[in-house]
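The reader is asked to keep the sequence and the structure in view while following the text.

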Amino acid sequence: MDQEIKIIKRKVSGFVGFANLPKQWHRKSVRRGFTFNCMVVGEGGLGKATLVNTLFNREIIAPKPVEELTVEDENEGVEPVLKIETTSAEIEEDGVKLKLNVVTAPGFGEAINNTDSWKPIVDEINSRFDHYLEAESRINRSAITDNRIHALLYFIEPTGHSLRALDVQLMKLVHEKVNLIPVIAKSDTLVDEEVEEFKTRVMNDIKYQKIKIFTPQIYENDDEEVTANCKALIASFPFAVVGSTSEVQTPDGRTVRGRAYPWGVIEVDNESQNDFVKLRQLLVRNNLEELKETTSDVLYEKYRSEKLEKMGIEQDNTVFKEFDPLTKQEEERALHEAKLAKMEAEMKAVFQHKVSEKEKKLQRSEADLFNRHGEMKTKLEKQIQLLEEKKAQLEKQKSLPVQPAPATQQKARKGFLR
Amino acid sequence: MPEAVGISNLPNQRFKIVSQSGATFTLMVAGESGLGKTTFVNTLFQSTLKQHDDPSERHNKFTSTHQTVGVSIVRALLEEKNFKIRLNLIDTPGFGNNVDNADLWTPIIDFIDDQHELYMRQEKQPLRSERKDLRVHACLYFIRPTGHSLKPLDIEIMKKLSTRVNLVPVIAKADTLAPAELEAFKARIREVIEAQDINIYTPPLDIEDPASAEHSKQLIEAMPFAIIGSESDVEVSPGNFVRGRKYPWGVVEVENEHHCDFKKLRSLLLRTNMLDLILLTNEIHFETFRSVKLGLSSESGTAEESSVKKPRRLHNPKFKEEEDDLKKFFTEQVKAEEQRFRQWETNIVNERNRLNQDLEDMQAKLKLLEEQVKKLQVARK
């Protein structure tokens, strides 16, 4: 059904004021604060905790005590259980507050048989979506909190080869549910050419496997610098990163976050040495809100619609038409006419029923009347006839001599009485 | 020292996203006709968005268009400094033109409720990215500048509006009131609003931001805003034009804060509190409607059915008329039939009398015969 809706298009020249809305949002968002739920997945020992701590420049995930790292040795033969852990932190910077939740999956990929090791991770993502879906369907949803995973940092081991089967399997399972950001961990073990080559291979695999990874949007009216920066980020996928929270001294005397090797110092925040800065830009500085927006508007919506359809809830597209008072009036008119027609039919039926009942009743009493009259009349006529006959007979007898014939007379009389 | 993490940039990201996606804003104007609703809207957005009704139509109270209070929608896509909004203007023309105004808020209230309900139904669909949103973010209620107080009708309508929408009462055509009269009028209206517990929209006071709190305070103190609308510019000094109205005794300037509260109202609606209006609508008014609706339907058991199949009140006075006509038609038919039956019954009674007479005659004849026979028999003996 096509609807013709007239829309006036204008550019206002003077000051009207609605262009201030983004500024209002800016202020409002500072007041409300921000939340961000980030999942970090990768094999143990790839520096996940360190990287997260480096990203937010504070200890968010405490390093595991050494005895925990060796616990496997004591339970020889027992498969390590993958569990999901959440760590939260409140970070404030220049009056802007961020509630950060980091979800980790310790034990991923560490078992001998990793066939199902992805399951708890996928379950966690799904259950957070389910939770949100349940919450938004509740009558009171003022207390709704967004626990959905907004980004998943997937740590690729710097093998220099390519993606492993487990990497591909996990990424394929989650790429339509989360903003996937693959990173090459501990990239200081690869020399520049190796990094480039490894990146190319990984990207080829990702393309070949049709895995969707998060790509920031470039807007038409972004200025050149923003666009160039965004393109540079995309060109560096997947980011090869190094994490370190400790400060080291460079040969030229600067104190930097980095790792000191006998052969030199790798600086975390040095863009020419690794992609840490780019990753931070994408994850926090430039695109955190976009990650959330995509999660909410695209990924969650997709999950939700598939789930509802599976539950047998049918799409009703009639509710999406533009509201039009005229159509509405017509609908009401139709409704009214239907109501009138129904009223008329009902009244007519009652009326006709009543009329025909009354008619029948009257006809019946008419018929009764005639019948009764007819009966009486016949009876009377018969009596009159009999009497007339008798009278005639008597008159005849009067002129004749008396004859004894009482029997016949008696009989006739009996008949008369009946 | 390593650089900042970048969290302080998050509000800028939000700013950018909002700038890109634009916004939807729905403004409703309500109030008696002739108070300058159309002019005000055009003044506010500095564009002729709404055409004035044809004056000849406007005053012909016998045409059908003005006998019903129909809601009209003007949709516009406006751009200011690269920022786009989809603006919906909801007008309620003809309001107050009827002699009996007892039920005239129903179409307005129904419109607001309908939009909430429609949005609710859209939200439930598996695929819902194409949502159409006409939920009213602010309703300007135009008060006639009588200088007295609010009329019972105003109070009634404002009460009904204030529970479901951000209500902003304004004094229309304020150039008919002198400053002292205006102050007294405002004070009386504020008193009534308070006494009647009418919940009008008030901008929030942000304690952490003294400048914005002060601005909000000024807005609140000026309520209800006294406004003047004008779609034409007048020359105040050679070569200097302002938006206003030129009287023989002077020029009223729309944007002069000493002349009226137009600027304050514009600030409240757009410049400072537009987002607040939008969020309040979504988080309070819509949620309240939704929870009441869901609460009701879950009580009655059949959640979906009852909300969908609710018999709609039809408030078109013509409908009522047609129903009455139909009833009248049947009543007349019934009367005609009753008349026919009465005649019929009379006929039956007459006929019965005639037949009875007939029988009596026969009976008399029979009696006579019997006597004659008896006589003959006696004579025989």
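A residue is called buried when its relative accessible area is under 20%, exposed when this area is over 50%, and partly exposed in between. The model discussed here is predicted. With a relative accessible area of 47%, E196(A) is therefore partly exposed. This residue belongs to helix α7 of chain A, which covers residues 192-208. E196(A) also takes part in a negative surface patch, together with D192(A), E193(A) and E194(A).

## Domains of chain A

Chain A is divided into two parts: domain 1 comprises residues 20-315, and domain 2 comprises residues 319-356. The C-alpha centres of domain 1 of chain A and domain 2 of chain A are 60 Å apart.

## A positive surface patch

Which residues make up the positive surface patch? The members are K23(A), K81(B), K263(B) and R271(B). Of these, K23(A) is located in helix α1 of chain A, residues 21-32. Because its relative accessibility is 51%, K23(A) counts as exposed.

## Salt bridges

How many salt bridges are there over all chains? The count comes to 56.

| Pair | N to O distance | Relative accessibility of each residue |
| E176(A) and K302(A) | 3.8 Å | E176(A) 33%, K302(A) 29% |
| E271(A) and K278(A) | 3.3 Å | E271(A) 42%, K278(A) 12% |
| E359(A) and R340(B) | 2.5 Å | E359(A) 24%, R340(B) 34% |

The side chains of E176(A) and K302(A) are joined by a salt bridge. This pair links distant parts of the chain, as its two residues are 126 residues apart. E176(A) lies in the loop between α6 (165-174) and β6 (180-184) of chain A, whereas K302(A) lies in helix α10 (residues 288-310) of chain A. E176(A) counts as partly exposed because its relative accessible area is 33%. K302(A), at 29% relative accessibility, is likewise partly exposed.

A salt bridge also joins E271(A) to K278(A). Is K278(A) buried or exposed? K278(A) has a relative accessibility of 12% and therefore counts as buried. E271(A), in contrast, is partly exposed, with a relative accessible area of 42%.

Helix α9 of chain A, residues 276-285, is mostly covered, and 10 of its 10 residues are buried. Among the buried residues of α9(A) are K278(A), R280(A) and R285(A), as well as F276(A), V277(A) and L279(A).

The side chains of E359(A) and R340(B) meet in a salt bridge in which N and O are 2.5 Å apart. This pair crosses between chains: E359(A) is in helix α11 of chain A (residues 325-399), and R340(B) is in helix α11 of chain B (residues 317-380). E359(A) has a relative accessibility of 24%, so E359(A) is classed as partly exposed. R340(B) is partly exposed as well, at 34%.

Salt bridges may also be connected to one another. One network of salt bridges links R27(A) and R31(A) with D206(B) and D209(B).

## Backbone geometry

Most residues other than glycine have a negative phi, and most peptide bonds are trans. Several places in this model depart from these patterns.

Where does a cis peptide bond occur in chain A? The bond from F237(A) to P238(A) is cis, with omega near -20°. P238(A) is situated in the loop between α8 (224-235) and β7 (239-240) of chain A. In chain B, the peptide bond that joins M223(B) and P224(B) is also cis, and its omega is about -10°. P224(B) is part of the loop between α7 (210-222) and β6 (225-226) of chain B.

Positive phi values are found as well. D94(A) is not a glycine, yet its phi is positive, at about 50°. D94(A) belongs to the loop between β3 (85-93) and β4 (96-104) of chain A. Because its relative accessible area is 70%, D94(A) is exposed. K186(A), which is not a glycine either, has a positive phi of about 45°. The loop between β6 and α7 of chain A contains K186(A). With a relative accessible area of 40%, K186(A) is partly exposed.

Terms used:
Residues are numbered from 1 along each chain as its sequence is written. Chains are lettered from A and ligands numbered from 1 in the order in which they are written. This is a predicted model: local features need pLDDT of at least 70, side-chain atom pairs count only at pLDDT 80 or more; totals for chains, interfaces and linings use all residues. Side-chain values use heavy atoms; hydrogens and water are left out. Domain bounds come from an automatic or database domain assignment. Patches are made of residues with over 30% relative accessible area and no salt bridge: like charges are joined within 9 Å, nonpolar side chains (Val, Leu, Ile, Met, Phe, Trp, Tyr) within 5 Å. Accessible areas come from the Shrake-Rupley method with a 1.4 Å probe; for residues, only the protein chains shown count as cover. A salt bridge is a side-chain nitrogen of Lys or Arg within 4 Å of a carboxyl oxygen of Asp or Glu. Lys and Arg count as positive and Asp and Glu as negative; His and the chain ends are not counted. The place of a charge is taken as NZ of Lys, CZ of Arg, CG of Asp or CD of Glu. Helices (H or I, at least four residues) and strands (E, at least two) are DSSP runs, numbered from the N terminus. Buried means under 20% relative accessible area, exposed over 50%, partly exposed in between (1.4 Å probe, protein chains only).
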